[in-house]
Amino acid sequence: VEIVGTGTCLRLETTLPILFPTGSAKIAGEYKSFFQRLAEFLKPYDVKVLVNGYADKVPIKNKKYPSNFELGATRAANIVHEFVSHGLKPSIFRIESTGKYRFTAKPPSKQKALERRAEVTVIFSG
């Protein structure tokens, strides 16, 4: 994680992306201890947590995920569920999904895995 000071608040951001397999929102086992440790660290603080889920440009359309928006949102929601299971309050979270559209300004990536990710940003209130 990286800590960034902006005026009267402090922001903590994940610097390495939380990656997902193609078409999946399942959190890999190697991230579980990270979420547990971060949740334990955050419990005593007044924080807001933004979790943004992303998908690559490969279209998806099935019963579970009608589009990449739902896939990205489910990735973010699964991370929130993981934090809540470690004692953080659901009310501190906001989920966002840009689906595949965040990457339209960038040339296509040769590493699609980096596009199938989620990012966590924690805002520490004054």
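User: Of the contacts in the protein with a separation of 6 or more, what percentage comes from residues 24 or more positions apart?

Analyst: The model is a predicted one. In this protein, 75% of the contacts with a separation of 6 or more join residues 24 or more positions apart.

User: Which secondary structure elements does the protein have, and in what pattern along the sequence?

Analyst: There are 2 helices and 6 strands. Along the sequence they follow the order β-β-β-α-β-α-β-β.

User: Which residues of helix 1 are buried, and where do they lie around the axis?

Analyst: In an α-helix there are 3.6 residues a turn, so residues three or four places apart point the same way. In helix 1 (residues 32-42), the buried residues are Phe35, Leu38, Ala39 and Leu42. These residues lie on the same side of helix 1 because their arc around the axis is only 100°.

User: How is an aromatic pair described, and how many are there?

Analyst: The description of a pair of aromatic rings uses the distance of the centres and the angle of the planes. Ring centres within 6.5 Å make a pair, and the count here is 6 aromatic pairs. One of the pairs is Phe41 with Tyr45: the centres are 5.5 Å apart and the planes stand at 45°, so this pair is tilted. Phe41 is partly exposed at 42% relative accessibility, and Tyr45 is partly exposed at 43%.

User: Is the pair of Phe83 and Phe93 stacked or tilted?

Analyst: Phe83 and Phe93 are stacked, because their planes are at 20°, with the ring centres 5.8 Å apart. Phe83 belongs to helix 2 (residues 68-85) and Phe93 to strand 5 (residues 93-99), so the pair links distant parts of the chain, 10 residues apart. Both Phe83 and Phe93 are buried. Ring pairs also join Phe34, Phe35, Phe83 and Phe93 into a cluster.

User: Which charged residue sits over the ring of Tyr54?

Analyst: The charged end of Arg117 does, at 4.3 Å from the centre of the Tyr54 ring.

User: Where does Arg116 lie, and is Arg116 buried or exposed?

Analyst: Arg116 is in the loop between strand 5 and strand 6. With 12% relative accessibility, Arg116 counts as buried. Beyond four places in sequence, Arg116 touches Ile18, Leu19, Phe20, Pro21, Thr22, Tyr54, Asp56 and Arg75. Arg116 and Thr22 are 94 residues apart in sequence, yet their C-alpha atoms are 7.1 Å apart in space.

User: What are the contacts of Thr121?

Analyst: Thr121 is part of strand 6 (residues 117-124) and is buried, with a relative accessible area of 16%. Leaving aside neighbours within four places in sequence, Thr121 contacts Arg11, Leu12, Glu13, Lys48, Val49 and Leu50.

Terms used. Residues numbered from 1 in each chain as written. Predicted model: local features only at pLDDT ≥ 70, side-chain atom pairs only at ≥ 80, totals over all residues. Heavy atoms only, no water. Phe/Tyr/Trp six-rings, centres within 6.5 Å; stacked < 30°, edge-to-face > 60°. Buried < 20%, exposed > 50% of the residue type's maximum accessible area, 1.4 Å probe, protein only. Helix = DSSP H or I, 4+ residues; strand = E, 2+ residues; numbered from the N terminus. Lys NZ or Arg CZ within 6 Å of the ring centre and 35° of its normal. Contact = heavy atoms within 4.5 Å. Arc of directions from axis to C-beta.
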